[in-house]
Amino acid sequence: MSHQMPRRQLGRGGTTVSAIGLGCMGMSDFYGAADDAKSIETMHRALDLGVDFFDTADIYGPFTNEELVGRAIRDRRDRVVLATKFGNVRTADGKWLGINGRPEYVRQSCDASLKRLGVDEIDLYYQHRVDLETPIEDTVGAMAELVNAGKVRHIGLSEAAPATIRRAQAVHPIAALQTEYSLWSRDPEGELLDTCRELGIAFVAYSPLGRGFLTGRYRTIDDLDANDWRRNNPRFQGANFQKNLDLVDKVGELAKAKGRTPAQLALAWLLARGDHVIPIPGSTRIERVEENAGATRVVLTAEDIRALDALAPTVAGERYPEGGMRAVNR
C-alpha cells in the first residue's frame, strides 16, 4: 500500500515525506499508560503503509521516546525521515526547567539525541520553543553548524512567529515549521501559513486531531486516564468540554455523510489547506494509523470545506494552560 501514500516537500532541500506523518509523543508521555511493544508494532505498520515521517523530541518521556523510536527503526533507518527537537528543558524525573536556545546547549542536545536514537544523522532537527533570551540568529547558527558537521540534514522551528522565521531563514534555510493546527486550532491561518508558503517552508501540523478530541472518542473527562495531561488542558475542562462536543458532533455528522471517520475528515481538511501542510497525528495503535492513512483518499468538495471552515468560531478555551500559551508564537 505504500505507493498509495502521497508525498510532500520538506522545504526546498529536496527531501520528501509522507503527506501524513506519525507523532510519537503519546507512546511514552502525557497521555497515560504506555506499551512499548505495541508502539513499535504501530511504527512498523506505519512504514508498511508508507507513513515514513516520524516525529519525536528529547523531552518526551522524558528522553525515553527517542530511545523507543530508535529501537523501532534500527533495522529500518533508510525508510524513515526522522524528526526530533531540543529547547524545552526537563529533568529525568519530568520537572520543567524552561527554554534554552544557547549554542552550547544546541550542540549538547543534538549529541544526546543522536545517542538515544542510535543514528548518525537526524533528518530534521527542530528548536522546540523559541528562547527569547537567546537571539534566534545564534540558535540557528549553531543548528547550521550541525548541518555542516553531518549530524543534521535539515533544520526547523516550532511555534515561531513570522518575524522570527524570517530572521532564522536569513541565517540558514528552514525546512519546516511545526505548530498546532487543526479544525479547532486555526491560529496559523493568515500570516504564518503565508510566510511558510512564501519561503518554501513545510508547515508541520501537530495535534491535527485536537489531541484526540476531534475523533469523537472522548465524551466525558473520565474517558481520559487519571494521569493524562489533557485533564489540565482548558479545552477538556468543564463547560469548555461540553461546548467543544458540539463541534465534534458536527464533524461526526459531516464525516458520516461522506462515509468516513471524523479523524479522516479532519485530516483531509488539513491536507486541503495547502500542499505545504503536513499533519502528524499521534497514534499508539495500529488501527488508528491505518485509519489516519486513509485520510489521503478523502476527496473534499468546496461545500465540504465551507461547512468545516464554519466550525472554527465554536471552539471554547485556549489550547494550552497559561504558562504554555506564553511559550508559543514567539
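Modeller: A definition comes before anything else. Two strands count as paired if DSSP finds at least two bridges between them. Keep in mind that this is a predicted model.

Biologist: What makes β8 and β9 a pair?

Modeller: The cut-off is at least two bridges. Strand β8 (residues 122–127) and strand β9 (residues 152–158) share five bridges, in the parallel sense. The two strands therefore count as paired. Within that pairing, I122 stands opposite V152 in β9.

Biologist: Which strands form the open sheet, and in what order?

Modeller: Eight strands form the sheet, ordered β3-β4-β5-β8-β9-β10-β11-β12, with parallel pairing.

Biologist: Why are β3 and β12 said to stand at the edges?

Modeller: Each has a single partner strand, so one side of β3 (22–23) and one side of β12 (277–279) lack a neighbour in the sheet.

Biologist: How do you know that the radius of gyration agrees with a compact globule?

Modeller: For 330 residues, the globule rule gives a value near 20 Å. The protein chain has 19 Å, which agrees. Its C-alpha trace spans about 50 × 40 × 40 Å along the principal axes.

Biologist: What share of the residues is buried?

Modeller: Buried means under 20% relative accessible area. In the protein chain, 57% of the 330 residues are buried.

Biologist: How many helices and strands does the protein chain have?

Modeller: Eleven helices and twelve strands. Among contacts between residues at least 6 apart in sequence, 75% join residues at least 24 apart.

Terms used. Residues numbered from 1 in each chain as written. Predicted model: local features only at pLDDT ≥ 70, side-chain atom pairs only at ≥ 80, totals over all residues. Heavy atoms only, no water. Helix = DSSP H or I, 4+ residues; strand = E, 2+ residues; numbered from the N terminus. Rg over C-alpha atoms; globule rule 2.2 N^0.38 Å. Buried < 20%, exposed > 50% of the residue type's maximum accessible area, 1.4 Å probe, protein only. Contact = heavy atoms within 4.5 Å.
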